[in-house]
Amino acid sequence: MKTLSQAIIMEKNRLASKAAYLILLKVSLPDGTNLYLINNTEDLVYNGQVYTAMPFDIEAVKSSAKGEIPTVNLKISNITRIMQYYLEKTAGGVGSEVTLIVVRTPQTDEFELSQDFKSGGDGAKLYNWNAVNMAQAAGLDSNMTSAGFLNIDCGLSESYWSASDFSAPFLYKSINGDFDIEAHIQSITVLPTSGYAVIAVRDPNASTGEDAVWMGVRADGYFYSRNIVNSVNTALYSASGLSAEKFLRIKRAGAVFTFYSKSDINGSWTQRASATRSDFSQSIQAGIGAIQNNASGDLTVFFNSLTLNKNILDESSSELTMGFDVLATQADSQWCTFTLGAPNPMRRRFPLHRYIAFHCNWQFKSAECGYPGGDTTCNRNLDACRGKSNSKRFGGYPGLGSRSVRVV
């Protein structure tokens, strides 16, 4: 039986959520062709592969008391006839493999799952979180100090994120490719006012020094953004009077990182700065943290949520993966229907080779077909073979009568 993580169980039981569950299909046909489809209105990249938007439907599994091996019907749109083409090309597609993947996007962490991130020090935590510089935090937890919030308490520990001095408590997730990440700061409390709540991206492998870009806001509304290249620190942006700007955002598009902020969840984003980091790899750390800056202060930051919006997902976004064999197929003007199930030797076609009068058994341009010309398609019937002057390699049996039975 498939098991779901605690995070996905809580998410699916919500009455309302920003998250969308998307179903991806990988259909591996017998001739080696792979079809990547997503039941969505736009294409999506998952784990480096583009999944093409295509309507499909998975019917409910039917149960019985007859001891039958359960099957399920997968219906893929055939309005354009593209699916029917693939079925005809592969003699019905029986024996294909279908992989079903469920992903969730955007990935929103609203910190309703209790976890003490400081416990156990630096390293991997639950729900794909990772933590660094936990020794500089008096406390770092979600849904414990305050219900529904992430708490970062720096206590009296002085911490920085400038040049080679990276000592700020930082909570992150590893992200591949382009992304758009948003953080909602609930509150900042600090005496004196020299500490920042930050949203940041970091690449620990870009050089031998510290490499990161971050944007932070103080309790008094002072904004600051930094670009750190191999431990060389450069200011990107600074401004005062922005205490209401509690929504921070970083967008990655290739090597360009753009910073935004806004004061209201329904408001418009204001661009604050940008940095080009060609040295950053595809896989980097993205998350939130707190910079104390002064040992005499006590910085406490509460984050309401962290949201990752992507149309490029990686394997960590997968909530469920299941594999099936195609046992039977049929097509009409609207749908191609695949009967999916587990392999069963009693369902195998026997004999495996069929004798058909005017249909060619060979794949076009295969070794058996042997067609050397420039045509790229074939209807796989005798007339098509004759039209290509290749009838001597025809893979059917025209000698079989259509009105009688011939034993061969």
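In which loop does Met-144 lie? The residue belongs to the loop that joins strand 12 and strand 13. The structure shown here is a predicted model. Its chain has 408 residues, of which 44% count as buried, and its secondary structure comprises three helices and 29 strands. Among contacts between residues at least 6 apart in sequence, 62% join residues at least 24 apart.

- Leaving aside residues up to four places away in sequence, Met-144 touches Ser-114, Gln-115 and Asp-116.
- The C-alpha atoms of Met-144 and Phe-111 are separated by 9.6 Å, although these residues stand 33 residues apart along the chain.
- Asn-143 is found in this loop as well, between strand 12 (139–142) and strand 13 (150–155).
- The phi angle of Asn-143 is positive, near 60 degrees, in a residue other than glycine.

**The loop between strand 11 and strand 12**

- Met-134 is located in the loop that runs between strand 11 (130–132) and strand 12.
- The relative accessible area of Met-134 is 1%, so this residue is buried.
- When residues up to four places away in sequence are not counted, Met-134 touches Phe-117, Lys-118, Gly-121, Asp-122, Leu-140, Pro-169 and Phe-170.
- Met-134 and Ala-168 are 34 residues apart along the chain, and their C-alpha atoms are separated by 8.4 Å.

- Three residues of helix 2 are buried, namely Met-83, Tyr-86 and Leu-87.
- Viewed down the helix axis, the buried residues of helix 2 fall within an arc of 100 degrees, and therefore they line one face of the helix.
- Ala-91 follows helix 2 and lies in the loop between this helix (82–89) and strand 7 (97–105).
- Ala-91 is not a glycine, yet its phi is positive, at about 55 degrees.
- The relative accessibility of Ala-91 is 38%, so the residue counts as partly exposed.

**Nonpolar cores**

- In soluble globular proteins, nonpolar side chains tend to be buried together.
- The largest nonpolar core contains 43 residues, and Leu-150, Phe-179, Val-201 and Phe-303 are those that touch the most other members.
- Another core, of 22 residues, lies apart from the largest one and includes Val-72, Met-83, Val-326 and Leu-340.

**Cavities**

- Rolling a probe the size of a water molecule over the atoms shows where empty space is left.
- The model contains two cavities of 30 Å³ or more.
- The volume of the largest cavity is about 80 Å³.
- Seven nonpolar, two polar and three charged residues make up the lining of the largest cavity.
- Among the residues that line this cavity are Cys-360, Cys-369, Cys-378 and Cys-385.
- The lining also includes Trp-362, Phe-364 and Tyr-371, together with Gln-363, Arg-380, Lys-388, Asn-390 and Arg-393.

Definitions and conventions:
Residues numbered from 1 in each chain as written. Predicted model: local features only at pLDDT ≥ 70, side-chain atom pairs only at ≥ 80, totals over all residues. Heavy atoms only, no water. Helix = DSSP H or I, 4+ residues; strand = E, 2+ residues; numbered from the N terminus. Buried < 20%, exposed > 50% of the residue type's maximum accessible area, 1.4 Å probe, protein only. Core = buried A, V, L, I, M, F, W, Y, C linked by side-chain atoms within 4.5 Å. Arc of directions from axis to C-beta. 1 Å grid on protein atoms, 1.4 Å probe; cavity = no way out; pocket = protein on both sides within 12 Å on 5 of 7 lines; lining within 4 Å. Points joined across faces, edges and corners; volume = space filled by probe spheres on them. Nonpolar A, V, L, I, M, F, W, Y, C, P; charged D, E, K, R; others polar. Contact = heavy atoms within 4.5 Å.
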